[in-house]
Amino acid sequence: MNVLPAMTFVPTKDSFPFQSKLLFLSDKVRVLLGPQSYEPPSASNGVFPQGSLSLSAPHAEVWIQGKQILIRDRSSAFGTYVNGVRIEHQTLLQNGDILTLGRKLLRSYTTPSSVSDTQLKPIEASIVIVGV
């Protein structure tokens, strides 16, 4: 039995809230990570709920190459981070990594009062990789 490689995104306590995701990866298919636009968020896609102000559309992409899962930032406004380090090129993801899409935004006098503290949080997830 052949099992497709998969990665799970489990939100950390510091993340903008989202439902855990299980993404199955196949050769030559890049999965876009970003906020809800046309497709609703689900547990099996790279779409996150609207609301995090540090998430760009599309923000990043993940794919499998050989036996490695890679991620690349798509010129997002607030960056993509693996274990707290901003990535500039395609980067290897490993089991247990912390992936952050965007960064925590600071409230200032220019922040509208309608913006909640939750909306200032990035998407942050612990990564679990299986089948690679």
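Select Thr80 to begin: in this predicted model Thr80 is buried, with a relative accessible area of 0% (buried means under 20%, exposed over 50%, partly exposed in between, with a 1.4 Å probe and protein chains only). Thr80 belongs to strand 7, residues 80-82 (strands are DSSP E runs of at least two residues, helices H or I runs of at least four, numbered from the N terminus). Show its side chain together with that of Asp73: a polar contact of 2.5 Å joins them (a pair of N or O atoms within 3.5 Å, where within protein one must be able to donate a hydrogen and the other to accept it, and residues adjacent in sequence count only if both atoms are side-chain atoms). Leaving out residues up to four places away in sequence, Thr80 also touches others, including His59, Ile71, Val85 and Leu101 (contact means heavy atoms within 4.5 Å).

A word on ground rules: residues are numbered from 1 along each chain as its sequence is written, and side-chain values use heavy atoms, with hydrogens and water left out. Local features need pLDDT of at least 70, side-chain atom pairs count only at pLDDT 80 or more, and totals for chains, interfaces and linings use all residues.

Next, follow strand 7 into its sheet. Strands 7 and 8 run antiparallel and are joined by two bridges (two strands pair if DSSP finds at least two bridges between them), and Val82 stands opposite Val85 of strand 8. Colour the whole open sheet of six strands, in the order 2-1-11-10-7-8, with antiparallel pairing. Strand 2 (21-24) and strand 8 (85-86) have a single partner strand each, so one side of each is left without a neighbour in the sheet.

Now for the other sheet, which is open, has five strands in the order 4-3-5-6-9 and shows mixed pairing. Its edge strands are strand 4 (47-48) and strand 9 (91-93). Strand 3 (residues 31-35) pairs with strand 4 in the parallel sense over two bridges; pick Gly34 and its bridge partner Val47.

Which rings cluster with Phe48 through ring pairs? Ring pairs link Phe9, Phe18 and Phe48 (ring centres of Phe, Tyr or Trp, its six-membered ring, within 6.5 Å; planes under 30 degrees apart are stacked, over 60 edge-to-face, the rest tilted). The rings of Phe18 and Phe48 have centres 5.0 Å apart and planes at 85 degrees, so that pair is edge-to-face.

Last stop: Lys21, whose charged end sits over the ring of Phe48, 5.0 Å from its centre (NZ of Lys or CZ of Arg within 6 Å of the ring centre and within 35 degrees of the ring normal).
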